[in-house]
Amino acid sequence: MDLRRLARRCLAWAWLALLGTGSAGATGGDLPDVRAAGVLRHLGVPYANFVSGSGDGMDVELIRGFAAHLGIRYEFVETDWKRAFGDLTGRHARGAGQHAELLEETPVRGDLLANGVTILEWRREVADFSAPTFPSGVWLIARADASLSPIRPSGNLARDIGLVKTAIGGRSVLALENTCLDPKLYAVAETGAHVRLLPHVRNLNEMAPAILRGDAEASLLDVPDALVALEKWPGEIKVIGPVSEAQVMGVAFRRESPQLRAAFDRYLETIRADGTFRRLVEKYYPAVPDYFPEFFAQR
Amino acid sequence: MSPPDRPRAKAARHRLVPMAAGLFVVGYVLLLLAVTFAGQHRLRELLGTQHQYTLEKTAAALGYFFDERRRDIERLREDRALESFFANQALGMSMEYGLQASLRNVERTLNRVVEKTHINGWPVFQRIILLDNARVPLADTSAGGPPIALQLSADEEASKSVAIVIDRGGDAVTISLQARYEHKGWPAGYVVASVNQDTAFEELVRHLGESAHFELSVVDEQGRRVMGSGRLTGEADAVPAGAAAAPSPPVSLRAAVPGTALAIVEQDARYWGNDYLTSSWLTASLAVLALLVLAGATITQRTRTQNLMLQAQVDEAARQEDQLNQRNERLEEEMRVRLQYEEQLLRQANYDQLTGLPNRNLAIDRLEQAMSRGRRTGAQVVVLYLDLDRFKNVNDTLGHSAGDQVLLQAAGRLSQVARANDTVARLGGDEFLIVMADVDPGPNAEKAAERVAEAALRSFSDPFPVSGQEFFVSISIGISVFPDDGDKAERLLQHADTALYQAKEEGRHAFRFFTPDMNRRAQRRAAMEGHLLHAVERKELSLVYQPIVSLRTGSTVAFEALLRWQNPALGAVSPALFIPLAEETGLIQEIGEWVLDEAVADLASWDAGPALRLAVNVSSRQLRNPRRFLSTVEAALVRHGVQASQLELEITERLLLEELPDTALALRELDARGVRLSVDDFGTGYSSLGYLKRFPVDVLKIDRSFVNGVLKDSSDAALVRAILALAQALHLSVVAEGVESPAQAEFLHTNGCPCGQGFWFSRPLRPEDVPAYLAASSATPKACVA
């Protein structure tokens, strides 16, 4: 996967989205406003090791560092997957396939959204993303004793995805809408798998426990979460194979905060160069670089 | 023990003591050495035991170390990371999708174990490898390192125990812990952890502690070296694998490492701890040292002895020096004293003790010097011989200390009188000399002498204060002049003395120049003296008797014995001359005794009856020794059978006036015996008559001078009458002396004078003529009482 192409596509869509949606509900400001306010509001959904929910996490530290870089106060604003983008842009939205569906307006509660947010097509329609901060992807996991067996990698991602999709036909697969585990993103339904969208499952880190409970045979799970789950329940969870192409995560900004975003990109470059970023990764997701070596290769 | 033996025995004893001491010391040293040997042996034994113990303790430590390592591996085996990996692998997960993460975890775990397993900061594991069943390394902390061969026996594989494996493949021997890994009961792989030998050895060394310098090796069952220590450093050196094949040196001590097939061996027991203490060299050197000490002690002893001897010598020398010093001091002192004495003697020889004036010797010497000077220069020398008048009286009455005072003062006065260059000397007694030297010749010499003499006389005009009283003392001076009166010192002195005598003769308190005439007289006097000395024995003395007649009856009452001296050379010498001389010389004593005896003998020979008395003149000199005088008188009376009442002693008034206690005593004694006392020359002395009370006087003899003028001089007559009256009043007898005419006799008789004596009555008779005279005179003698 070509992240550059992806980035360009994101940008293009972002502009379109901006044109399309106008600035309806945009009550937040750009960098000067943020500076003037003296505080950087970090919207975050507790998610895996990005935002632990107890004050730390890779993205928490990342944005904290960004606030320090800007020389202003850091403030964490908790949110959830449903309203995260609304809190950022001032207008709720949800993914409908590859596109976003705009909903009611809502007050802006933060200046950026960072919690391992996968850069998806529909999300790009509502917000602008920074340069990619993390690689990702979506795997299919299953309970260890499930009859589903991990695929034999063919060396080709697309083919491997195909293998997986073939394997899940007729199985119950847990998914979570509005997230990167949205089944529509990956045409899961077309595989013949029975997609289960459990209402009580609201967070990604509930996916693994759900299948362990037997709520479904398999589940979509993003790589970071999958790695965490593997560590948490060694021998109880197995990875079947990939479901998505390589993805990236990034920090979401309002269309109206290009300066802020630019500042963040600069910040990101800096910490990637001086090893701070690597240290964060090692701290929270030491296994990930093994899976996505190109992402973490020093440029 | 006889004396000769004692020193020998003593010496032997003295030798014995140090010998015994030496033997004792030697014995003691030998004992010490023996003890040392025994001690060393025991020490070695103990050390050996201790060593073995240490070794075993070390081996135990090593065993424990390996135990711990086993546990480390076991813990590792149970690590979740491994479990997850194998679980995931078992689940069929692929590396691409999920297994990689597990593997990474495993790697991280292994690394953590390697990094974090420490002992005292030393890393325990060098490398840990996880292998799969196919013995393919899955995770390796030193990926790329040399492969470690798995050497688990079937039992070990089966038992899943952690084995300690010695791998000799490769460059060096490695010790690794290897164990089977099972996942859910199924063999899944192997865990191999290679031990850091340095750390392992450090464990060894740590437990050795101070014994860390001896050579240890850790060997396997075959005795091949696995780990070894360098000599004395305790550092492990990786034993090259090739060396393992070499034969190992002889093993002294061995301790099996528990829980392993290893053992700790010590190759060289030479370098044990405390080797200094246990070495035989030490003992040998101690022995040598002991000998040295002994030798040293001997030398010290000898030196000490020598020192003592030296010290004794030094002390002795010091003592002798001291003595010498003392003697020297004493000698010096003596010399000082001697010198003092000499000086004193010299002084004494030359100076008068009392006055400090030059004495006779020095005076003569000075005189001679002056004379020789005079001979050269023509100057004259005047010699003044001075004599204190009646000095004897002062001495006798006031005592010698008073006399000395007077002499001192006299010396002082004379010194004042003399000229500066004159010599004033004390010749002795009360005699002084003034030598006037370098006198201008001619008549001036006489004038100068006169001046000095007059000055001297004047100086004595003041009284001498003595003992609070004042006494007048006069001097007489005799002067002779050189060269006129002689050219020899003795001669000059003699002549001056002669002149002095003349001065005395002529009334004292005067000076006289020597004349040749004086000399003659002096010579004469001297001659007379010489003759008088022998007068008694040569029977040149004789007595004549002058009758004392009663003026009333004309009968002879008594005879006065008068002394006559007929000398062949001098002829008849007048009593007026020789009696004073006799008194001066003391011959009077001898003569007086002869007179007494002779007179009494004569009286006895006359046989004239008890009424006839004998009057004998007595000198006060004779009375100086009253006892002698008394015995003389008594002897004479007894010898010749004369009664004491027949004896009458005549003493001149002057002598009585001298008031000497001897006189009074003697007279009282005589009076007690019945001897009569008459006062001769009565009236001539000038004193109070009080003495008439003091002395037992019986007769007063009127001096002839009064009798002589009784008819011519009215005062003489008055005096005679007064005397007669006095005598009468005092019931004293009176005899008038020197009756030469009948008129005188008549006068005397008229005035009541009982007796008389003189040429009118008779001139002195020879003793043989007395009986005839007695026969011729009529009537019986009666006493001369008026």
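This is a predicted model: local features need pLDDT of at least 70, side-chain atom pairs count only at pLDDT 80 or more; totals for chains, interfaces and linings use all residues.
Turning to the interface, 18 residues of chain B are in contact with 22 residues of chain A. Together the two chains bury about 1600 Å², with 61% of that area on carbon and sulfur atoms. As for charge pairing, the count between chain B and chain A is 0 salt bridges. Polar contacts do turn up, with 6 residue pairs found across the interface of chain B and chain A, both residues of each pair being at pLDDT 80 or more.

In terms of secondary structure, helix 2 (80-91) and helix 3 (95-116) of chain B each supply at least two residues of the side of chain B that touches chain A. Helix 3 of chain B gives the largest share of that side, at 10 residues. Sorted by class, the side of chain B that touches chain A has 7 nonpolar, 7 polar and 4 charged residues.

Over all chains, the salt bridge count comes to 43. One of them is in chain A, where the side chains of A:Arg254 and A:Asp111 meet at 3.5 Å, N to O. A:Arg254 sits in the loop between strand 13 (247-253) and helix 10 (258-273) of chain A, and A:Asp111 in the loop between strand 4 (99-105) and strand 5 (112-118) of chain A, so this pair ties together parts that are 143 residues apart in sequence. Both A:Arg254 and A:Asp111 are buried.

Chain B has a salt bridge between the side chains of B:Asp79 and B:Arg112, at 3.2 Å, N to O. Here the link runs from the loop between helix 1 (5-77) and helix 2 of chain B, which holds B:Asp79, to helix 3 of chain B, which holds B:Arg112, so parts that are 33 residues apart in sequence are tied together. B:Asp79 counts as buried because its relative accessibility is 19%, under the 20% cut-off. B:Arg112, at 40% relative accessibility, counts as partly exposed.

Another salt bridge joins the side chains of B:Asp422 and B:Arg419, at 3.0 Å, N to O. B:Asp422 is buried, with a relative accessible area of 10%, whereas B:Arg419 is partly exposed, with a relative accessible area of 36%. There is also a network: B:Glu560, B:Glu650, B:Lys701 and B:Glu737 are joined by salt bridges that share partners.

Lastly, B:Asp713 is found in the loop between helix 21 (704-708) and helix 22 (714-729) of chain B. At 30% relative accessibility, B:Asp713 counts as partly exposed. Its side chain makes a polar contact with the side chain of B:Ser715, at 2.3 Å.

Notes:
Residues are numbered from 1 along each chain as its sequence is written. Chains are lettered from A and ligands numbered from 1 in the order in which they are written. Side-chain values use heavy atoms; hydrogens and water are left out. Contact means heavy atoms within 4.5 Å. Buried area is the accessible area (1.4 Å probe) that two parts lose on being put together, summed over both. A salt bridge is a side-chain nitrogen of Lys or Arg within 4 Å of a carboxyl oxygen of Asp or Glu. A polar contact is a pair of N or O atoms within 3.5 Å; within protein, one must be able to donate a hydrogen and the other to accept it, and residues adjacent in sequence count only if both atoms are side-chain atoms. Helices (H or I, at least four residues) and strands (E, at least two) are DSSP runs, numbered from the N terminus. Ala, Val, Leu, Ile, Met, Phe, Trp, Tyr, Cys and Pro count as nonpolar, Asp, Glu, Lys and Arg as charged, and the others, Gly among them, as polar. Buried means under 20% relative accessible area, exposed over 50%, partly exposed in between (1.4 Å probe, protein chains only).
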